Amino acid sequence: MGKRKSPSSHSSPTTSSSKKGKSSDSPAAASIPAEDIKAAFRPNLFDEAVLKEYNEQYLTSGPYRHVIIPTLISPPLLHAVKSEILSHLSFTPKETDIYRLHQTGDLANLSGLPAELAAKLPSLRRLRDALYSQTFRDYVCAVTGCGALSGTKTDMAINVYTPGCHLLTHDDVIGSRRVSYILYLCGSEEEPWKEEWGGVLRLYPTETAEDGTKVPKAEWSRVCPPAWNQLAFFEVVPGESFHDVEEVYDGADGDRTRMAISGWFHIPQRGEEGFVEGVEEELGKKSSLASLQSKSEKYDRPQPQVVPYSTGKGKGKAVDSKEDDDGFTPQEIEFLLKYIHPTFLTPDTLEELSEQFAKDSSIQISSFLRIAFKTALREYITTNDTQPSTWPVAVPPHKQKYLYLQPTDSQEEMSPIEELLNILLPSREFRKLLQHATGLKLTSHNILARRFRKGMDYTLATGLNSSSPAAGEDAKMQLEIALSLTPSSGWEPCSPPSPPKKAKKKSRLNPDHVPEQKKQRFDDSTRTLGGYEMYMSAEDDDPTNDPAVYKAGGEDGDDDDGVLFMNYPSWNTLNVALRDEGVLKFVKYVSAEAKGDRWDLVGEFGVEEVEEGSGDEEGEGSGGEEEEESDEGKWDQEEEWKGCSP
């Protein structure tokens, strides 16, 4: 894993020079004759009638304006480009909370390559020069009406999506980008890419709120399947041009390597015709990245339901009672034993958990629920795991997407998961258990049940919500729990097999020789099914609290990946972590290859700030000796506790 990088991963993956806003060598400055430029494209592309057709298609398209141009490039040139790419360029696997893919380095500055490598890529350079030429930029302007485009700032890379790769919802708004494009190099004239293989570009409609804010809907309304030599492009519009790339699905038929040249045309830079002072800075303010920390949280669903613990003497009055520091009463033990394994109600176990939490600020407890309750719970979840649900969908999709359920006061018969949601987790007894296990004083709670559907759901990395329990506390931190209730298996990654030892060539003395396998062009050895929840530290010098770029292969030789805590979907496991303002969190997109959905119950608890050394050592136990003796042998049929781990 690599340390989180700036400025962002909440956009399409970019290359280093484009991120830093540097201009490359100008293809337009090469003074290539217009006829030579046009020869790189299909013969009739620049005909007036064809241009008019694409302009009309653009103006009438939805959910926002875009256009699809089939057979853009001269076929012999594009075949030569793909051959050069596969023969001479290397790809790096990249993964963040928002995407997984393979990417080349920056292709904008092809003139800066070593002479030996540049000589191997003449077709690729010709294609780059054609795309950023004045001739084609004028063509794009005529189709879209977007205004002048830069000829000095080029921004392109080759992205490859192998099975499991994906790109989640975003609007592409960063810096000076004006038009986003993608030129497909996957499939072929003889064997076209099949839509059922995935990898489809999907465009999202928006709805306008009362204050004029545009919010993307949960589902896309337009799909653009990949096709060999096809160009798709659209104007980058803040809060409007939301899109994603569907996961490429596994399968044995055909070459499911979705290769494309992706990039952006930028607004004119200083010294170019059409440059306007301050426009780039203004575009930056409108970036969708900033919206993750902005007032737009009011359009998020679900909204936090923060409930203070009440004394019963006044609605909303927080508890401040020494009773919560004492051991459990017989009535509390009886209530908790309906749900929780008895091991976790003993003083020794709670002391062990508390010591570990004090050391790591997190604990992970397996076999948390007792057998009698978890059996019915597992049956309920397993039955519903493949069924449609009436639970609402969390939105907006450029932040999150999953099914959820919040606590209610309904008196109707409850399912096992609703019983945990409405009775156990919000209870004073459960609060008391958490306080003994962590040594913290909890003041409020926000509880939620979640279901992350395979091939659909995720959350993107964000800091603490302004409406979370921590927002109302001086400590500016909160205790978070995730009770993982995922019955399916196979979520944790397997260690890659050790490479075989080199053997001598086959001969009479060595008949068992196995030829050394060639290294795969696209390294998918780190691929997982996703679904894991990750806590990671934000960089102190990054004011945007941008999501982290992780699993980047230890770039720059830095082994500090910023990962603080991580839990994979599992069955009957309670994860507890203390989180402050400097910690980001997300649930990775669940791959369609997963055996089932991720199910969990999560809680956020307000934490009272306690001065160091002020803890009361008396009453730390969770039950007297008499209670322990009276329970001897009572739980012999319970599953053996598997312990806790950091």
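Are Glu 95 and Lys 588 buried or exposed? Glu 95 is buried, and Lys 588 is buried as well. The model described in this report is a predicted one.

## Salt bridges across the chain

The structure contains 26 salt bridges. One of them joins the side chains of Glu 95 and Lys 588, with an N to O distance of 3.6 Å. This pair connects distant parts of the chain, since the two residues are 493 residues apart. Glu 95 belongs to strand β2 (residues 92-96), whereas Lys 588 is placed in the loop between β25 (583-587) and β26 (598-607).

A further salt bridge is formed by the side chains of Asp 129 and Arg 128, at 2.8 Å from N to O. Both of these residues, Asp 129 and Arg 128, are buried.

Asp 600 is part of strand β26 and Arg 450 is part of strand β18 (residues 442-452), so their pairing ties together parts of the chain that are 150 residues apart in sequence. Asp 600 and Arg 450 are both buried.

This pair belongs to a network in which salt bridges share partners. The residues joined in the network are Arg 450, Glu 480, Glu 533, Arg 579, Lys 585, Arg 598 and Asp 600.

## A buried charge without a salt bridge

Asp 385 is located in the loop between α12 (371-384) and β16 (400-401). Asp 385 is buried but takes part in no salt bridge. A salt bridge requires a side-chain nitrogen of Lys or Arg within 4 Å of a carboxyl oxygen of Asp or Glu. For Asp 385, the nearest side chain of opposite charge is that of Arg 451, which is 4.9 Å away.

Leaving out residues up to four places away in sequence, Asp 385 touches Arg 451, Lys 595, Gly 596, Asp 597 and Trp 599.

Strands of a sheet pair through backbone hydrogen bonds, either parallel or antiparallel. In this model, an open sheet of 5 strands runs in the order β16-β19-β25-β21-β23, and its pairing is antiparallel. Strands β16 and β23 (563-567) form the edges, each pairing on one side only. Strands β21 and β23 are paired in the antiparallel sense over 4 bridges. Met 534 stands opposite Met 566 in β23.

Thr 459 lies in strand β19 (residues 458-462). With a relative accessibility of 11%, Thr 459 counts as buried. Apart from residues up to four places away in sequence, Thr 459 touches Lys 399, Gln 400, Tyr 402, Phe 452, Phe 586 and Val 587. A polar atom of the Thr 459 side chain lies 2.7 Å from the backbone nitrogen of Val 587. Thr 459 and Asp 97 are separated by 362 residues in sequence, while their C-alpha atoms are 7.9 Å apart in space.

In strand β13 (residues 258-266), 9 of the 9 residues are buried, so the strand is largely enclosed by the rest of the structure. Both of its faces are covered: one side carries Arg 258, Ala 260, Ser 262, Trp 264 and His 266, and the other carries Met 259, Ile 261, Gly 263 and Phe 265. Strand β13 pairs in the antiparallel sense with strand β4 (residues 156-161) over 6 bridges, and Met 156 has Gly 263 of β13 as its bridge partner. Strand β6 (residues 177-184) also pairs with β13 in the antiparallel sense, over 7 bridges. Here Leu 183 stands opposite Ile 261 in β13.

Helix α13 (residues 416-424) has 7 of its 9 residues buried, so the helix is likewise largely enclosed by the rest of the structure. Its buried residues are Pro 416, Ile 417, Glu 419, Leu 420, Leu 421, Asn 422 and Leu 424.

## A partly exposed loop residue

Pro 493 is found in the loop between β20 (477-485) and β21 (533-537). Its relative accessible area is 44%, so Pro 493 is partly exposed. Neighbours within four places in sequence aside, Pro 493 is in contact with Thr 528 and Tyr 568. Pro 493 and Tyr 568 are 75 residues apart in sequence, and the distance between their C-alpha atoms is 9.5 Å.

Note on methods
Residues are numbered from 1 along each chain as its sequence is written. This is a predicted model: local features need pLDDT of at least 70, side-chain atom pairs count only at pLDDT 80 or more; totals for chains, interfaces and linings use all residues. Side-chain values use heavy atoms; hydrogens and water are left out. Buried means under 20% relative accessible area, exposed over 50%, partly exposed in between (1.4 Å probe, protein chains only). Contact means heavy atoms within 4.5 Å. A polar contact is a pair of N or O atoms within 3.5 Å; within protein, one must be able to donate a hydrogen and the other to accept it, and residues adjacent in sequence count only if both atoms are side-chain atoms. Lys and Arg count as positive and Asp and Glu as negative; His and the chain ends are not counted. Two strands pair if DSSP finds at least two bridges between them.
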